[in-house]
Amino acid sequence: MSTNPTPPPTRVLVIEDETTLAGLIAAYLSRAGYATTTVHTGPDGVQAVREHAPDVVILDLGLPGLDGIEVCRQIRTFSDCYVIVVTARKDEVDTLIGLSVGADDYVTKPFSVRELLARVQTVLRRPRSGPTSASETPSSEPIRVVGILRVDFNGHRVHLADTEVALTPTERDLLITLARRPTMAFTRRQLIDDIWGTDWVGDEHLVDVHVAHLRRKLGDDPDTGRYVTTVRGIGYRMGQG
């Protein structure tokens with residue numbers, strides 16, 4: 001009698017130069033059932049992503065060798081894994097710069113390891129079906145076409161004309177959420193609830209950072225908003241091409 005093979009465990013890479021903290025994070029993740037690897041320098045982190053192909057990277061910004069922002073930039077040239085930035089820097093600009101090179105979420109030190117575990121679990125629950133609080137029914141169409149932009153909901157792929165656009169998971173989730181309800185104006189909080197989870201706490205302006213990064217990759221002008229339109233006083237809506 002045949003049985004279905006057990007799926008491999010989710011892989012999490014911890015890139016953190018504080019060895020005690022890295023060990024604590026890894027212990028919590030391992031107890032939660034994740035296959036966890038730790039490294040302690042920027043160059044080792046980039047190499048470990050290449051070797052282990054993790055599903056999630058927990059990335060400290062203050063690393064020796066290469067700082068976390070440069071590590072994230074390099075990772076994004078070959079991997080679309082989820083990246084959660086960990087930073088001791090309280091300056092919001094530093095955090096948002098980290099997000100602008102492709103991180104999906106962030107936590108600031110000091111933080112609860114349980115909070116970090118919850119963030120990992122949240123990103124791994126994606127993709128989601130769309131905001132449960134929205135009154136508009138999500139589109140049942142498998143593909144949304146806006147001008148030369150094509151958003152494939154089932155395949156989670158985005159094309160401009162015949163060229164596939166390399167998006168991070170968060171950028172892709174953001175675009176899919178908007179495309180599923182193309183006439184709805186979403187607040188930042190609605191987008192956060194759908195993509196990051198209803199229990200997410202932090203600076204809601206991280207949505208603006210991801211929108212800006214998405215627009216750049218789509219060649220979209222924020223003044224015209226062909227694909228992502230700013231709705232003043234509210235948030236964002238799908239553009240009309």
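What follows is a short tour, one question at a time.

Visitor: Ground rules before we start?
Guide: This is a predicted model, so to speak of local features we need pLDDT of at least 70, side-chain atom pairs count only at pLDDT 80 or more, and totals for chains, interfaces and linings use all residues. Residues are numbered from 1 along each chain as its sequence is written, and side-chain values use heavy atoms, with hydrogens and water left out.

Visitor: How many helices and strands does the protein chain have?
Guide: Eight helices and 12 strands. Both are DSSP runs numbered from the N terminus: helices are H or I with at least four residues, strands are E with at least two.

Visitor: How much of the chain is buried?
Guide: Of the 241 residues, 49% are buried. Buried means under 20% relative accessible area, exposed means over 50%, and partly exposed is in between (1.4 Å probe, protein chains only).

Visitor: And what share of the contacts is between residues 24 or more positions apart?
Guide: 61% of the contacts with a separation of 6 or more. Contact means heavy atoms within 4.5 Å.

Visitor: Let's do sheets. What is the strand order in the sheet of five strands?
Guide: The order is 2-1-3-4-5, the pairing is parallel, and the sheet is open. Two strands pair if DSSP finds at least two bridges between them.

Visitor: Which strands stand at its edges?
Guide: Strand 2 (35-39) and strand 5 (105-108). Each has a single partner strand, so one side of each is left without a neighbour in the sheet. The twist averages 15 degrees from one strand to the next. Axes are lines fitted to C-alpha atoms, for helices over the stretch in contact, and angles run from 0 to 180 degrees between N-to-C directions.

Visitor: How many bridges join strand 1 to strand 2?
Guide: Five, and the two strands run parallel. Valine 14 stands opposite threonine 38 in strand 2. From strand 1 the chain passes through helix 1 to strand 2, a right-handed β-α-β crossover. Right-handed means that, with the strands pointing away from the viewer, the path from the first strand over the helix to the second runs clockwise.

Visitor: Where does helix 1 lie?
Guide: Helix 1 (residues 19-31) lies across strand 1 (11-15), strand 2 and strand 3, at about 170 degrees to strand 2. Helix 3 (residues 68-75) packs on the sheet too, touching strand 1, strand 3 and strand 4.

Visitor: What about the other end, strands 4 and 5?
Guide: Four bridges join strand 4 (residues 82-87) to strand 5, in parallel. Valine 85 has tyrosine 106 in strand 5 as its bridge partner.

Visitor: Pick a residue in there. Is leucine 59 buried or exposed?
Guide: Leucine 59 is buried, with a relative accessible area of 0%. It lies in strand 3 (residues 56-60). Leaving aside neighbours within four places in sequence, its contacts include Ile15, Val71 and Val86. The C-alpha atoms of leucine 59 and valine 86 are 5.7 Å apart, though 27 residues separate them along the chain.

Visitor: And threonine 87, buried or exposed?
Guide: Threonine 87 is buried, at a relative accessible area of 1%. It sits in strand 4. Beyond four places in sequence, it is in contact with Asp60, Leu61, Thr95, Val107, Thr108 and Lys109.

Visitor: New topic. How many residues has the largest nonpolar core?
Guide: It has 51, and Leu149, Leu175 and Leu218 have the most contacts inside it. Helix 8 (residues 206-218) gives the largest share, six residues. Such a core is a set of buried Ala, Val, Leu, Ile, Met, Phe, Trp, Tyr and Cys residues joined through side-chain atoms within 4.5 Å. Another core, of 18 residues, lies apart from the largest one; among its members are Ala22, Ile58, Val107 and Leu117.

Visitor: What's the order in the sheet of three strands?
Guide: The order is 10-12-11, with antiparallel pairing, in an open sheet. The edge strands are strand 10 (186-187) and strand 11 (228-231). Strand 10 pairs with strand 12 (residues 235-238) over two bridges. Phenylalanine 186 has tyrosine 236 in strand 12 as its bridge partner.

Visitor: Which helices lie across it?
Guide: Helix 6 (residues 169-180) lies across strand 10, strand 11 and strand 12, at about 70 degrees to strand 12. Helix 8 lies across strand 11 and strand 12, at about 145 degrees to strand 11.
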